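Q: I've got a structure open and I'd like to learn how to read it. Can you walk me through it?

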Amino acid sequence: MEQQHEAELIAAARKAAVQAYAPYSDYPVGAALLFEDGAIITGANVENASYGLSLCAETNAVSKALGEGRRGGLVAVAVIGPEGKGDGAPITPCGRCRQVLNELAALGATDPLILCVGTIEVRRMTLSALLPHAFGPAHLH
Ligand code: THU
């Protein structure tokens, strides 16, 4: 992936995080999905007073994409948390989000690059490395 495209995707995730609704954790997260046609769809985490109902940024972005009719074509994802929290290490999608991302990726048979953004480092991993032996739509038909 080109440096410039990476920077754009990370900037989109950072911008999305501004809209996070995270009053309980005070941990805003932004996610940006890049598609084969160049489109970028973003999401932020949305929490709930019933904490367990909170939704992650990646899950919300995938929901948006599927709800807008996307069925695959996922080439890359950027995820970013707040600066100045924790140790600044790159944040990786939670287990549930890996599964949710896999649904969209599997529909188009892509293995998206996941850009996990930290304070001083961007860690690049494929979704299949983060979620090996994934269960997906193909198992059901
Ligand atoms: N969170 C995300 O949105 N994505 C991640 O990859 C990790 C965690 C959210 C969930 C919750 O709203 C807050 O971050 C703290 O866990």
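Q: Let's begin with the inside. Which residues touch the most other members in the largest nonpolar core?

A: First, the general idea: in soluble globular proteins, nonpolar side chains tend to be buried together. Keep in mind that this is a predicted model. Here the largest nonpolar core has 21 residues, and the ones touching the most other members are Leu-33, Phe-35, Leu-74, Val-77, Leu-101, Leu-104 and Ile-114. Strands E1 (30-35), E3 (74-80) and E4 (113-117) each give two or more residues to this core, and so do helices H2 (57-67), H3 (95-107) and H4 (127-130). The largest share, four residues, comes from H2.

Q: How do I read a helix like H2? Which of its residues are buried?

A: Pick out the buried positions, then see what they pack against. In H2 the buried residues are Ala-57, Glu-58, Thr-59, Asn-60, Ala-61, Val-62 and Ala-65. The buried residues of this helix pack against E1, strand E2 (40-44), E3 and H3. After H2 comes Gly-69, with a positive phi near 100°.

Q: And loops? Where does Thr-110 lie, and what is it in contact with?

A: Thr-110 sits in the loop between H3 and E4. Beyond its neighbours within four places in sequence, Thr-110 contacts Glu-36, Leu-74 and Ala-105. A polar atom of the Thr-110 side chain is 2.6 Å from the backbone oxygen of Leu-74.

Q: Now the ligand. Which residues are around it?

A: Start with the shell, then go for the polar atoms. Around the ligand are Ser-25, Tyr-27, Val-29, Asn-45, Glu-47, Cys-56, Ala-57, Glu-58, Thr-92, Pro-93 and Cys-94. That shell divides into six nonpolar, three polar and two charged residues.

Q: How do Asn-45, Glu-47 and Ala-57 lie relative to the ligand's oxygen atoms?

A: A side-chain N or O atom of Glu-47 is 2.5 Å from a ligand oxygen atom. For Asn-45, a polar side-chain atom lies 2.9 Å from an oxygen atom of the ligand. With Ala-57 the backbone takes part: one of its N or O atoms lies 2.9 Å from a ligand oxygen atom. On its own the ligand has 370 Å² of accessible area, and the protein covers 76% of that.

Methods: Residues are numbered from 1 along each chain as its sequence is written. This is a predicted model: local features need pLDDT of at least 70, side-chain atom pairs count only at pLDDT 80 or more; totals for chains, interfaces and linings use all residues. Side-chain values use heavy atoms; hydrogens and water are left out. A nonpolar core is a set of buried Ala, Val, Leu, Ile, Met, Phe, Trp, Tyr and Cys residues joined through side-chain atoms within 4.5 Å. Buried means under 20% relative accessible area, exposed over 50%, partly exposed in between (1.4 Å probe, protein chains only). A polar contact is a pair of N or O atoms within 3.5 Å; within protein, one must be able to donate a hydrogen and the other to accept it, and residues adjacent in sequence count only if both atoms are side-chain atoms. Contact means heavy atoms within 4.5 Å. A residue is near a molecule or strand if one of its heavy atoms lies within 4 Å of it. Accessible areas come from the Shrake-Rupley method with a 1.4 Å probe; for residues, only the protein chains shown count as cover. Ala, Val, Leu, Ile, Met, Phe, Trp, Tyr, Cys and Pro count as nonpolar, Asp, Glu, Lys and Arg as charged, and the others, Gly among them, as polar.
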